[in-house]
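I begin with the terms I need.

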Amino acid sequence: MTTTLITGANKGLGFETARRLVAAGHLVYLGSRNAERGRVAAEQLGARAVHLDVTDDASVRSAVEFIEAEGGLDVLINNAGIQVEMSPGAIVGAADVTAEMMRQTFETNVFGPVRVLHAFLPLLQRSTAAVVVNVSSALASLTRRSEAGTATHAYPGVAYPASKTALNAITVQYAKAFPDMRINAVEPGFTKTDLNGNTGAQTVERGAEVIVCMAHIGSDGPTGGYFDAEGPLPW
Ligand code: NAP
């Protein structure tokens, strides 16, 4: 049975991805920084709750010990993410971004996936079909952000897009370092979740599509790429 860990899976896209992968027959470890929210969500889906705060070394270490004791890990989905520049009704733009906002954002969206991936590498290296899915964003694309007239170009925030561009860079470097694994970044699309005050244009069912698809990528599939549900995206 394929074993899969999804970070930040107590709600939103992570929760929907967990639901789909449980239905597909995976043993899903549902990561949540809040133990109680994780327990309730996992119970609802028939997943295994794992207390995991991606910003906390000790919490990640104990998640590794727990999953290792249960047998190992094949698929890691780095989904947990925050958008601190989102304030009610508006996104904090370049004039108001602070180093502290950048630090907080990178702590979760960039250092988080690295912390989790680094800690789970020994388990993934033992898998015969290791897969890593980094949940990125269209806002990661420097090409798209530079194309006037698009929604991506119009996004005024600094911290969140920069963090996802860094995540894409990390994806490419890990993919080169571990050619036996499939390591890709995905853009779920603008999805109605708490991350954007539920202003997103599409459902979590649609948003989770590309995450689920990349979680199932076979050993002959792409690695080091950046995709949405339609195919490859420009960096
Ligand atoms: P969401 O509903 O706000 O879910 C985010 C999840 O991340 C929650 O479970 C949250 O836990 C968790 N999280 C935050 N900080 C964490 C930490 N330090 N440790 C562990 N978990 C943590 O947002 P979402 O839209 O589903 O976002 C999922 C991913 O999709 C993110 O990486 C986001 O950047 C990406 N994405 C979203 C959209 C969109 O339109 N929604 C578009 C492109 C990309 P709590 O419940 O404890 O806060």
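Before sorting any residues, I wrote down the classes: Ala, Val, Leu, Ile, Met, Phe, Trp, Tyr, Cys and Pro count as nonpolar, Asp, Glu, Lys and Arg count as charged, and the others, Gly among them, count as polar. I also noted that this is a predicted model, in which local features need pLDDT of at least 70 and side-chain atom pairs count only at pLDDT 80 or more, while totals for chains, interfaces and linings use all residues. Residues are numbered from 1 along each chain as its sequence is written, and side-chain values use heavy atoms, with hydrogens and water left out.

**Entry on the largest pocket.** I looked up pockets on a 1 Å grid over the protein atoms alone, where a pocket is an open set of points with protein on both sides within 12 Å along at least five of seven lines, and a lining residue has an atom within 4 Å of a point. The largest pocket holds about 1,200 Å³ of space, a volume being the space filled by probe spheres set on the points, which are joined across faces, edges and corners. Its lining has 45 residues, and Gly81, Tyr160, Thr193, Leu195 and Asn196 lie nearest the centre. I sorted this lining into 16 nonpolar, 21 polar and eight charged residues.

**Entry on the ligand.** What takes up the space of the largest pocket? I found that the ligand does, where sitting in a pocket means that more than half of a molecule's atoms lie within 2 Å of the pocket's grid points. The ligand is surrounded by 30 residues, the closest being Arg33, Asn79, Tyr160, Thr191 and Thr193; a residue is near when one of its heavy atoms lies within 4 Å. Ligand oxygen atoms lie 2.6 Å from a side-chain N or O atom of tyrosine 160, 2.9 Å from one of lysine 164, and 2.8 Å from a polar side-chain atom of arginine 37. By class, the shell around the ligand has ten nonpolar, 13 polar and seven charged residues.

**Entry on the second largest pocket.** This one has a volume of about 150 Å³. I counted 14 lining residues, with Ala129, Ala130, Val131, Ala215 and Ile217 nearest its centre, and the lining divides into six nonpolar, five polar and three charged residues.

Terms used:
A polar contact is a pair of N or O atoms within 3.5 Å; within protein, one must be able to donate a hydrogen and the other to accept it, and residues adjacent in sequence count only if both atoms are side-chain atoms. On a 1 Å grid over the protein atoms alone, a cavity is a set of points where a 1.4 Å probe fits but cannot get out, and a pocket is an open set with protein on both sides within 12 Å along at least five of seven lines; lining residues have an atom within 4 Å of a point.
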